[in-house]
Amino acid sequence: MNRTAAVPGVADGNGAEARAGSRRSERSPGAGAQGQAGATGATRRAPAVRRRTGLAYDPICLRHDPGRTHPERSARLTATMERLAREPWFAELVPVAAAPCPAERLEAVHAPDYIARAEEVCRSGGPYLDVPDVGVSRESFDVARIAAGAGLALADRVMAGEIDNGFSLARPPGHHAERSLALGFCVFNNAAILARYLQRRHGLEKVLILDWDVHHGNGTQHAFEEDPTVLYASLHQYPFYPGTGAASEEGIGRGTGATVNCPMPAGARDALYEEAFRARILPAIDRFKPDAVLLSAGFDAHAEDPLAAVELSTGCYRWMSERVLEAADRHAGGRVVSLLEGGYSLDALPECVAAHIECLAGADRDARAAGTLEAGDGLTKGNEEE
Ligand SMILES: [Zn+2]
């Protein structure tokens, strides 16, 4: 199985935009760190990574047990780590340790009585929080605080210029969690908490949350739908769980226009996602001009995923990752923090995460070898000029 090889529909027409987005003359916070990495890297053998990419992974995340037959299982992370460790660039990733998300950061998104209820239910052993599909075990509250804290740790390192971008390989996921309700395998809304943290702790004005999980991120949309300072953009199967995410949902009041929903039919393939990116997602990002880019990176729109009917290739995740990185370079000094959401195929998820991180790190050797991604070449050239 080689799903990462040439994806003609994805590669076609990609070059011009990739080249246009590859001018990296205004890189700011990561430039120093990247320069150091480059200098160090020059003394090593390949692989060359063009960016310093953080990886937040804490084995405590394996201890959240939603139930024996639950698809959101710890093997998602162990299979992914085993897959990543086989990559020649794996050693180049910067390990980032997560601390438990502080209460005040949780409370920026969640009601205090919800947080108290989550702790009480988890400590008593569950079996579930609020709804049966959010199975919890005794340690789930602590794990969920780490999952939320992982994003904050990555953001701190990005804002300090120590890394250019980062990926949080944590669970439980977050984008279905509402202010006062657990939902859809999610306890705390990791992406929403991180967006508020970047604004309040780091003083950023505008934050983009791009959500390509196959399910609509109802919790994230609701957290920001009246807020013009957080752009929430989602591609998702529709109609489908959780039921929200119609194209007509565009925000409320002052937030009107800062919610962009791209509903996708069952059976959608790469070409439809590309079209939505070009027609709606990228123009919306360019209008909004975010100061940081957050990704709710679920990989359950993959053709092999058992929970949904969108049929993306691994190459499409690679393509979308490159477009997001280009947009972040254009507007946000390259600042990207990507958070794992869904993805339930133990074959496809590790492949997709590997492809995604390879793009984040600028080490996408497979794509360049196959000649499918000219973005890689453009970035290499840009980097050499620095
Ligand atoms: Zn999902």
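Predicted model: local features only at pLDDT ≥ 70, side-chain atom pairs only at ≥ 80, totals over all residues.
**Stop 1: helix H11.** Check its length with a C-alpha distance between the two ends. At 1.5 Å a residue, its 18 residues should span 26 Å, and the end C-alpha atoms are 26 Å apart, so the two agree. Now show the surroundings. Of the 18 residues in H11, 17 are buried, so the helix is mostly covered, counting a residue as buried when 20 or more other C-beta atoms lie within 10 Å of its own. Step past the end of the helix to Gly333. Its phi is positive, near 60°.

Zoom in on S4 (residues 207–211) and S5 (residues 230–237). Five bridges join them in the parallel sense. Pick Val207 and look across to S5: its bridge partner there is Val230. Then bring H11 back into view.

**Stop 2: helix H7.** Select residues 140–159. The same check applies here. At 1.5 Å a residue, the 20 residues of H7 should span 28 Å; the end C-alpha atoms are 29 Å apart, which agrees. H7 is largely enclosed by the rest of the structure, because 17 of its 20 residues are buried. Just after the helix, find Gly161, with a positive phi of about 80°.

**Stop 3: the core.** Which residues have the most contacts inside the largest nonpolar core? Select Ala56, Ile193, Leu194, Leu208, Val293 and Leu294. The core has 114 residues. H7 supplies its largest share, twelve residues. In soluble globular proteins, nonpolar side chains tend to be buried together.

Centre on Ile193. Leaving out residues up to four places away in sequence, Ile193 touches Cys101, Arg105, Leu106, Ala108, Val109, Ala148 and Phe188.

**Stop 4: confidence.** Finish by colouring on pLDDT. The chain averages 87, and 82% of the residues score at least 70. Where does pLDDT stay under 50? Select residues 1–44; the model has 75 contacts for this stretch beyond four places in sequence. Then select residues 367–386, where pLDDT is also below 50. Here the model has 38 contacts beyond near neighbours in sequence.

Key:
Residues numbered from 1 in each chain as written. Pairing = 2+ DSSP bridges. Helix = DSSP H or I, 4+ residues; strand = E, 2+ residues; numbered from the N terminus. Expected span 1.5 Å × (residues − 1). Buried ≥ 20, exposed ≤ 12 C-beta atoms within 10 Å, placed from the backbone. Core = buried A, V, L, I, M, F, W, Y, C linked by C-beta atoms within 7 Å. Contact = placed C-beta atoms within 7 Å. pLDDT = per-residue confidence, 0-100.
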